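I opened this structure to look up its helix packing, its sheets and its ring contacts. My entries follow in the order in which I looked.

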Amino acid sequence: MTSVLALAEALIACPSVTPAAGLVFDCLEGQLRPLGFEVHRFSAGEAPDGPVENLFAVRRGPAGSRHFAFAGHVDVVPPGEGWASAPFAPEVRGELLYGRGAVDMKGAIAAMVAACAEVPQDAGTISLIITGDEEGPARFGTLALIDHMRELGELPDLCLVGEPTSVNRLGDMMKIGRRGSVNIWLEVEGKEGHVAYPHLADNPITRLVAMLAELDALVLDEGTEWFQPSNLEVTDITVGNPATNVIPSRASARISIRFNALHTGQQLADRVGAIAQKHGGTARPVISGEAFLTPPGDFSAMIARAVEAETGLSPEASTTGGTSDARFLKDLCPVIEFGLCNATMHKRDEAVAIPDLEALARIYARVAQDALAQG
């Protein structure tokens, strides 16, 4: 099998804090073209959330053959300070490969490339859907890739996203769905005045506190068979009043709701908006994604077989955690996420176990070949 370690080291060595562009895509393209892939690179969007560079690579199989896709991102979060070694200078110490992106998710992309090298071209069509903006606003990343694929008529039958889903050991968890996410900015206008003359003012903080208390008391649901209960969290309260003797003119807050398939983002936004209006405030929602589920079936069983063959573990099917670009890809085809252990993602001294990297490449190769052999 192609050296997945060397592929991962090459990708990590390309600094690619979100939004990623240029060098890291040059590196990935250089890994894919020798394997027979047709590589499409383009940028989408405008400031402030763009432009974003994206890559779609496809190696077509026989006419009418099945199409299996891998998906992921080459952008990474800022490394921060205090690393034992330079974050973009990959370093092997013992059985660990250190570097920003080792886990989330250049290691998985390297495993995808290594897996593709093991899949015969006549097995079917295989593609990689790679964005440079998953860790950021994600407005012009995978969504733009989906539009590009529709224009090309290259729509997959199944898609595996390589997010780091494993918890304690490689293979102990896969994600068959995700909760949705909506952030809502709340604002209450008042009338400023001297604290000694409250009858001449209107304190917006009092109404904002009452609004937040009502929102915090909501029980959105009790969860479902596959989803935990939805939760609403207050994430910011801002008044910005430097004076101790002034009633302010404005108070604002922000809430975040992670919700299951019993709701839509708009339904929750409308519900919060009504409560805000009741207390004389306004609500501005931004819906990041809807909840989705790929019901357990042939695809999840296929991944479970591959994982068990390489690790001896049977992965738990879960919908826990944050959002991912699977929330967009689920509109194309059934999508499941499976990848490396997530213990060090977004942390200082991010690292992946090299044996896990090699095992992941073998798992991905098994899944791709089984997916293409279906039907």
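**Entry 1: two helices**

I began with helix α5 (residues 204–216) and α6, whose axes come within 9 Å and cross at roughly 145°. The model is a predicted one. I noted the crossing of α5 and α6 as right-handed. Then I listed the residues that meet: α5 brings Met211, Glu214 and Leu215, and α6 brings Val272, Ile275, Ala276 and Lys278.

I also looked up what else α6 lies against. Helix α6 (residues 265–278) lies across β10, β14 and β15, and its direction makes about 165° with β15.

**Entry 2: the four-stranded sheet**

That took me to the sheet itself. Its four strands are ordered β12-β14-β10-β15, the sheet is open, and the pairing is antiparallel. Which strands stand at the edges? They are β12 (231–238) and β15 (281–289); each has a single partner strand, so one side of each lacks a neighbour in the sheet. From one strand to the next I read an average twist of 20°.

Strand β10 (residues 180–189) and strand β14 (residues 250–259) run antiparallel and are joined by ten bridges. I looked up Leu186 and found Ala253 in β14 as its bridge partner.

**Entry 3: Glu187**

I stayed in strand β10 for Glu187.

With neighbours within four places in sequence left aside, I found Glu187 in contact with Arg250, Ala251, Ser252, Gly281 and Thr282. I also checked Glu187 against Pro204: they are 17 residues apart along the chain, and their C-alpha atoms are separated by 8.8 Å.

**Entry 4: rings**

I counted two aromatic pairs. For Phe68 and Phe70, the ring centres are 5.0 Å apart and the planes stand at 85°, so I logged the pair as edge-to-face. Phe68 and Phe70 are both buried.

For Phe70 and Tyr364, the ring centres are 5.3 Å apart and the planes are at 45°, so this pair is tilted. It links distant parts of the chain, with Phe70 in strand β3 (residues 67–73) and Tyr364 in helix α9 (residues 354–373), 294 residues apart. Phe70 and Tyr364 are both buried as well. I recorded Phe68, Phe70 and Tyr364 as one aromatic cluster.

I then looked for charges over rings. The charged end of Arg284 sits over the ring of Trp185, at 4.7 Å from its centre. Arg93 lies over the face of Tyr98, 3.7 Å from the ring centre.

**Entry 5: the three-stranded sheet**

My last entry concerns an open sheet of three strands in the order β4-β5-β19, with antiparallel pairing. Its edge strands, β4 (91–93) and β19 (351–353), each pair on one side only. On average, neighbouring strands of this sheet are turned by 25° against each other, direction ignored.

Strand β5 (residues 96–98) pairs with β19 over three bridges, in the antiparallel sense. What stands opposite Leu97? I found Val352 of β19 there.

Helix α1 (residues 4–12) touches β4 and β5, and its direction makes about 20° with that of β5. Helix α9 touches β4, β5 and β19, and its direction makes about 70° with that of β19.

Key:
Residues are numbered from 1 along each chain as its sequence is written. This is a predicted model: local features need pLDDT of at least 70, side-chain atom pairs count only at pLDDT 80 or more; totals for chains, interfaces and linings use all residues. Side-chain values use heavy atoms; hydrogens and water are left out. Two strands pair if DSSP finds at least two bridges between them. Axes are lines fitted to C-alpha atoms, for helices over the stretch in contact, and angles run from 0 to 180 degrees between N-to-C directions. Contact means heavy atoms within 4.5 Å. Rings of Phe, Tyr and Trp (its six-membered ring) pair if their centres lie within 6.5 Å; planes under 30 degrees apart count as stacked, over 60 as edge-to-face and the rest as tilted. Buried means under 20% relative accessible area, exposed over 50%, partly exposed in between (1.4 Å probe, protein chains only). A charge sits over a ring if NZ of Lys or CZ of Arg is within 6 Å of the ring centre and within 35 degrees of the ring normal. A crossing is left-handed if the near helix is turned anticlockwise from the far one by less than a right angle, and right-handed if clockwise.
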